Amino acid sequence: MLRIATWNVNSLKVRLPHVLDWLRTQRPDILALQETKLSDADFPTLDFAEVGYHAAFSGQKTYNGVAILSRLPAQHLVTDLPELDDPQRRVLAATLGGVRVLNLYVPNGQAVGSDKYLYKLDWLNKLNTWLATELSQHPKLVMLGDFNIAPEDRDVHDPIAWAGQVLCSEPERAAFRQIIAQGLTDTFRLFPQEERSFSWWDYRAAAFRRNLGLRIDHILASSVLADRCHGCRIDTAPRRLERPSDHAPVVAEFNINLN
DNA sequence: ATGGTGGCGCGGCCA
């Protein structure tokens, strides 16, 4: 059995106790983190070793930053999209026990039409090109992380208010569908889910208490793995803690053995 | 209520 999870922690320095507690109780084989906001020299490798996890990371001060925590050591790390010379640390790929894991912190995009939005669309285009290469080399592949895209209206608490806005705009959704069209499956939608299931809630306006959220964190699986997926859920428990991340972890399980 | 909250780091950016 393989249990793999993704969690945008919005500062690993602040959220380290939450992440350590969650690892101790949930025991995933792999946890992909986004928005660590730490330079690599400051990564708390020893704290994770004490609870039985290896750590691979690609970080920077203040912004962005991705990491993979795993029971098995990570091999064949990749930290950049091909053809994108980018100081922003948003990508970490690794192979774990024969499974290729692509951990992403997709750009937010700020507002439709902004420079950051154009950067996001260009980033997603280059991501799609890279995905084709990775899929050709790795039949057992999981792409997961904070996609900053709500793929469908049912992933949005108020689709009318959000129509055409960043995270929901048609070009972003088209880029997501292009990823899916390469043969990946949104594991969350393989199973019956509660209506109004979300993975992110704004800190403002008591959005979590009112469940005014978006589902923008995803675990996508190649066909070999999707056929063996037997569950995917959003764990809202950490979002209820004191000083939480604005995102909840998403967890998927597969009937495969790591080798 | 065109604001609101949170992280970083100490003014303003980013989400």
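These legends walk through several close-up views of a predicted model.

**View 1. An open sheet of 6 strands, with E3 and E13 at its edges.** Welcome to the sheet whose strands follow the order E3-E4-E2-E1-E14-E13, with mixed pairing. Strand E3 (54–58) and strand E13 (229–234) each have a single partner strand, so one side of each is left without a neighbour in the sheet. From one strand to the next, the twist averages 15°.

**View 2. Strands E13 and E14 side by side.** E13 and strand E14 (residues 250–254) run antiparallel and are joined by 5 bridges. To find your way along the pair, look for Arg 233, which stands opposite Val 251 in E14.

**View 3. Helix H1 on the sheet.** Helix H1 (residues 12–26) packs on this sheet, where it touches strand E1 (2–8), strand E2 (30–34), strand E4 (66–70) and E14. The direction of H1 makes about 160° with that of E1.

**View 4. Another open sheet of 6 strands, in the order E5-E6-E7-E8-E12-E9.** The pairing in this sheet is mixed. Which strands stand at the edges? They are strand E5 (75–78) and strand E9 (185–186). Each of these has a single partner strand, so one side of each is left without a neighbour in the sheet.

**View 5. Strands E7 and E8, joined by 6 bridges.** Strand E7 (residues 99–105) and strand E8 (residues 141–146) run parallel. A handy landmark is Asn 103, which stands opposite Leu 144 in E8.

**View 6. Helices H3 and H5 on the sheet.** H3 lies across E5, strand E6 (91–96), E7 and E8, and runs at about 175° to E7. H5 also packs on the sheet, touching E8, E9 and strand E12 (217–221). The direction of H5 makes about 25° with that of E12.

**View 7. Where H3 meets H5.** Two packed helices are described by the angle between their axes and the distance between the axes. The axes of helix H3 (residues 115–137) and helix H5 (residues 170–181) come within 10 Å and cross at roughly 10°. H3 and H5 are therefore roughly parallel to each other. From H3, the contact takes in Tyr 117, Lys 120, Leu 121, Leu 124, Leu 127, Asn 128 and Leu 131. From H5 come Pro 171, Glu 172, Ala 175, Gln 178 and Ile 179. By class, this contact has 8 nonpolar, 2 polar and 2 charged residues.

**View 8. The largest pocket, with about 540 Å³ of space.** Of the 23 residues that line this pocket, Tyr 105, Asn 108, Gly 109, Gln 110 and Asn 148 lie nearest its centre. The lining of the largest pocket has 9 nonpolar, 7 polar and 7 charged residues.

**View 9. The second largest pocket, with a volume of about 300 Å³.** This pocket is lined by 13 residues, and the closest to its centre are Glu 194, Arg 196, Ser 197, Ile 234 and Thr 236. Its lining has 5 nonpolar, 4 polar and 4 charged residues.

View 10. How many cavities of 30 Å³ or more does a search of the whole structure find? The search finds 1. Among the residues that line this cavity are Thr 79, Asp 80, Leu 81, Arg 89, Arg 90 and Trp 123. The lining divides into 4 nonpolar, 2 polar and 4 charged residues.

How values were computed:
Residues numbered from 1 in each chain as written. Chains lettered and ligands numbered in written order. Predicted model: local features only at pLDDT ≥ 70, side-chain atom pairs only at ≥ 80, totals over all residues. Heavy atoms only, no water. 1 Å grid on protein atoms, 1.4 Å probe; cavity = no way out; pocket = protein on both sides within 12 Å on 5 of 7 lines; lining within 4 Å. Points joined across faces, edges and corners; volume = space filled by probe spheres on them. Nonpolar A, V, L, I, M, F, W, Y, C, P; charged D, E, K, R; others polar. Axes fitted to C-alpha atoms, helices over the stretch in contact; angles between N-to-C directions. Helix = DSSP H or I, 4+ residues; strand = E, 2+ residues; numbered from the N terminus. Parallel < 35°, antiparallel > 145°, perpendicular 65-115°, else oblique. Contact = heavy atoms within 4.5 Å. Pairing = 2+ DSSP bridges.
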